[in-house]
Amino acid sequence: MRVAVVGGGPGGLYAAALLKRLGPDRDVTVWERGAPDDTFGFGVVLSDETLGGIEHADPAVYRALQEEFVRWDDIDIVHRGRLLTSGGHGFAALGRRRLLEILHGRCADLGVRLHVRTEAPPAAELAATHDLVIAADGIHSRTRDAHADVFRPRITTHRCRYIWLAADFAFDAFRFEIAETEHGVMQLHGYPYARPSAGHHSATRPSGRQHHSGSSTVIIEMREEVWRAAGLDELDTDESVARCAKIFSEPLRGRPLRSNNSAWTAFRTVVNDRWSHGNTVLLGDAAHTAHFSIGSGTKLAVEDALALAACVEEQPDLPSALAAYETERRPVVESTQRAAAASLRWFEDIAGYVDQPARQFAFNLLTRSRRVTHDNLRLRDRAFTDAVERDFGCEPGTPPMFTPFRLGGLTLRNRVVVSPMDMYVAVDGVPGDFHLVHLGARALGGAGLVMTEMVCVSPEGRITPGCTGLYTDEQAVAWRRITDFVHSRAPGTALGVQLGHSGRKGSTKLMWEGIDQPLDTGNWPLVAASPLPYRPGVNQTPHALDRSGMTVIREQFAAAARRAADAGFDLLELHCAHGYLLSGFLSPLTNHRTDAYGGPLENRLRYPLEVFDAVRDAWPADRPLTVRVSATDWAPGGTTADDAVEIARAFTAHGAAAIDVSTGQVVPDERPEYGRSYQTPYADRIRNALGVPVIAVGAISSWDDVNSLILAGRTDLCALARPHLYDPHWTLHAAAEQNYTGPGAPWPAPYRAGSRKPPTGRTDAPKPRLTLTRP
């Protein structure tokens with residue numbers, strides 16, 4: 001096998017070394033257009049997991065790395081002059097140049113040919129003369145660009161500028177320092193990567209720990225507009241470095257910073273639809289990037305190299321090997337990219353967090369990527385987590401999710417919400433025994449607030465024939481039966497109703513018969529902001545509402561709100577999300593009107609606010625009224641996160657007690673960024689931009705997630721849907737698993753005997769006997 005490796009970074013060199021080690025007869029050549037020690041940045045961080053893979057695959061490289069690593073456990077966060085330290089994290093770093101030296105040496109020992117300061121031949125030319133071409137040529141990959149029609153790269157440029165620098169001393173922890181300047185917030189990310197030399201005398205710092213000689217990576221980052229306002233865009237490198245050292249003189253203790261081909265840049269996230277083309281395969285930054293704030297770039301490249309070498313060794317032929325490599329690595333990379341994206345957005349929006357209390361700010365920073373959670377951080381540093389909880393107001397032994405929350409005139413006993421979930425089993429809009437059992441079971445299950453499905457304000461406003469309504473007195477009486485049950489049998493549980501109108505997404509089959517498919521017979525006419533079908537050629541074209549039609553529907557909402565109040569609901573939510581009627585007015589993708597209700601956001605808000613005001617007037621003043629919005633359409637030209645803040649601002653100004661922040665489902669060609677808690681950053685942004693209560697939704701599945709989000713100040717309430725379908729007693733079980741027995745999650749008297757998890761198998765088997773030997 002002849003192997004060509006384009007790019008002599010850590011990923012390319014390690015792939016070359018592994019392939020040669022596993023197959024000594026292989027002809028492996030690396031082309032690197034820079035000098036052997038040319039590199040950007042200074043230090044790299046590798047996880048214990050990655051090191052374990054290296055140890056197994058190549059003990060020689062592992063031993064060399066072990067001799068070089070700087071290890072530390074603490075993370076220091078400085079917030080407005082206050083130093084907070086969290087321990088138990090475990091990092092290992094070394095200089096990037098030293099890593100390249102180790103890998104160069106290993107390649108040379110194994111017989112890999114290294115062409116440095118040499119441009120590689122074009123990928124197509126290499127592919128014709130080699131069995132395998134590995135494109136490890138970085139974020140600016142020429143190989144990827146040459147075959148962009150196959151790899152189909154998508155590159156997103158983000159909103160911060162950053163520069164890689166170094167300091168000639170070793171921080172003794174991973175350090176985050178915030179500078180609030182007249183131009184805006186700037187941040188320093190710093191970590192040690194080289195040990196101090198022997199015999200150096202350290203200088204004690206105020207914390208009682210010490211700065212040592214050695215080396216540290218220092219990354220300075222800030223929003224683009226802050227960078228420009230500070231005039232850094234007009235300075236050369238030396239001037240920029242000096243300015244950064246002055247801004248962060250306190251953590252640097254007055255020491256200078258130095259650069260190495262350093263330049264201000266904006267981070268770019270690289271995603272490719274495919275990673276291979278014939279016998280050419282992408283590796284490392286050429287295939288994918290993840291923001292430096294989670295220290296993953298070199299880690300991912302090295303792990304790619306491990307997986308690729310293993311797949312080439314294990315699979316019967318090269319096509320199978322490349323397919324197996326991508327199958328193995330893509331889910332890991334996508335998970336890392338989701339975490340990196342959450343971390344990246346957190347730092348982009350850091351100005352919205354700096355007013356948090358110091359410990360909450362630190363907890364928020366530590367849990368920003370969702371890789372570190374409340375429970376995980378408790379294991380690492382119990383004292384730190386306990387202090388954050390005390391500041392938050394948690395009673396001793398009370399997890400954050402079981403603290404009460406006041407929403408208007410309603411006090412919820414905990415922070416868990418059963419999210420609205422359409423059941424599609426009503427007859428003529430009347431909720432029946434199924435709804436009584438469904439909602440009653442979730443109310444008995446301990447959640448602070450249980451929401452109905454979207455309850456429609458007219459027959460024509462239903463999504464399907466199975467949707468519930470509040471447009472007749474018979475329906476209101478049926479709902480009263482359910483609210484009476486909840487209030488009598490699950491006292492302390494609040495029951496909320498969500499009112500909505502399907503708009504252009506109505507007159508469809510039950511979900512399990514064909515989601516969003518029009519009825520075979522009996523379709524009713526649809527109305528919407530504009531005459532745009534949900535799916536052209538599939539769904540019917542709605543009529544654009546005129547003024548009289550808008551007035552009729554507004555009054556239908558108000559009438560439904562009055563019935564909801566009479567039926568005994570504790571809270572009402574207006575559904576302005578997911579592409580239904582009111583959402584259709586808000587999104588520029590579905591509102592093409594040219595009158596006073598279309599065009600700029602101010603106009604698109606006009607009708608939803610009219611409906612909100614009518615509902616507010618019909619709904620009792622002492623009961624909260626919330627609004628669900630889609631904070632992004634996940635589609636070009638649609639509602640943006642900035643729009644969502646303004647939408648939330650408008651509804652709050654009109655009296656909304658909270659904003660329930662969902663996303664998407666507005667247009668069928670959306671491209672959501674699915675993942676754990678993937679919608680919560682939008683709730684977070686609205687909460688911290690406006691200081692208004694929010695409800696976060698979207699793949700929140702564990703009580704650990706709920707505790708993390710609440711304690712970090714990213715949301716006030718967490719709404720969970722599927723977990724409550726899987727387990728109606730999800731909240732009570734979350735309390736039991738955390739050994740919590742307080743007022744935030746009382747077990748109904750008939751269920752108390754089940755408040756401990758049943759044993760699942762024998763755990764008291766006899767221990768093995770000691771082996772006795774005769775003297």
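Ser 47 is partly exposed, with a relative accessible area of 22%. In this predicted model, Ser 47 occupies the loop that runs between strand 3 (43-46) and helix 2. Along the chain, 540 residues separate Ser 47 from Ser 587, and the C-alpha atoms of the two serines are 43 Å apart.

Helix 2 (residues 48-57) packs against helix 3 (residues 59-68), the two axes coming within 5 Å and crossing at roughly 135 degrees. On the side of helix 2, the contact is formed by Leu 51, Ile 54, Glu 55 and Ala 57, while helix 3 contributes Pro 59, Val 61, Tyr 62 and Leu 65. Of the residues in this contact, 7 are nonpolar and 1 is charged, with no polar residue present.

Beyond residues up to four places away in sequence, the contacts of Leu 306 are Tyr 14, Leu 18, Thr 50, Gly 53, Ile 54 and Ala 57. Ile 54 and Ala 57 also take part in the contact of helix 2 with helix 3. The relative accessible area of Leu 306 is 17%, so the residue counts as buried, the cut-off being under 20%. The C-alpha atom of Leu 306 lies 54 Å from that of Pro 531, a residue 225 positions away along the chain.

Burial was also examined for helix 13 (residues 358-366). This helix is largely enclosed by the rest of the structure, because 8 of its 9 residues are buried. The buried positions of helix 13 are Ala 358, Gln 360, Phe 361, Ala 362, Phe 363, Asn 364, Leu 365 and Leu 366.

Two residues other than glycine were noted for positive phi values. Arg 80 has a phi near 50 degrees and is placed in the loop between strand 5 (75-79) and strand 6 (82-86). With a relative accessible area of 47%, Arg 80 is partly exposed. Tyr 424 has a phi near 60 degrees and belongs to the loop between strand 21 (416-418) and helix 16 (433-444). In contrast to Arg 80, which is partly exposed, Tyr 424 is buried, at 11% relative accessibility.

The structure contains 0 disulfides. Cys 311 takes part in none, the nearest cysteine sulfur being that of Cys 107 at 20 Å. Cys 311 is buried, at 2% relative accessibility. For Cys 456, the closest cysteine sulfur is that of Cys 467, at 4.6 Å; this distance is too far for a bond, because a disulfide requires the sulfur atoms to be within 2.5 Å. Cys 456 is likewise buried, with a relative accessibility of 0%.

An unreviewed UniProt entry annotates residues 401-736 as "domain: NADH:flavin oxidoreductase/NADH oxidase N-terminal". The span is 36% helix and 15% strand, and its end C-alpha atoms lie 13 Å apart.

His 578 is situated in the loop between strand 26 (571-576) and helix 20, and its relative accessibility of 7% places it among buried residues. Apart from neighbours within four places in sequence, His 578 contacts Lys 505, Ser 583, Arg 628, Ser 630, Ser 662, Thr 663, Gly 664, Gln 665 and Val 666. One of these partners, Ser 662, is 84 residues from His 578 in sequence, with a C-alpha to C-alpha separation of 8.1 Å.

Leu 586 lies in helix 20 (residues 581-586) and is buried, with a relative accessible area of 4%. When residues up to four places away in sequence are excluded, Leu 586 touches Cys 576, Leu 601, Arg 604, Leu 605, Pro 608, Thr 639 and Ile 647. The C-alpha atoms of Leu 586 and Leu 601 are 7.2 Å apart, the two residues being separated by 15 positions along the chain.

Methods
Residues numbered from 1 in each chain as written. Predicted model: local features only at pLDDT ≥ 70, side-chain atom pairs only at ≥ 80, totals over all residues. Heavy atoms only, no water. Axes fitted to C-alpha atoms, helices over the stretch in contact; angles between N-to-C directions. Helix = DSSP H or I, 4+ residues; strand = E, 2+ residues; numbered from the N terminus. Contact = heavy atoms within 4.5 Å. Nonpolar A, V, L, I, M, F, W, Y, C, P; charged D, E, K, R; others polar. Buried < 20%, exposed > 50% of the residue type's maximum accessible area, 1.4 Å probe, protein only. UniProt positions renumbered as here; feature names shortened; annotations may be inferred.
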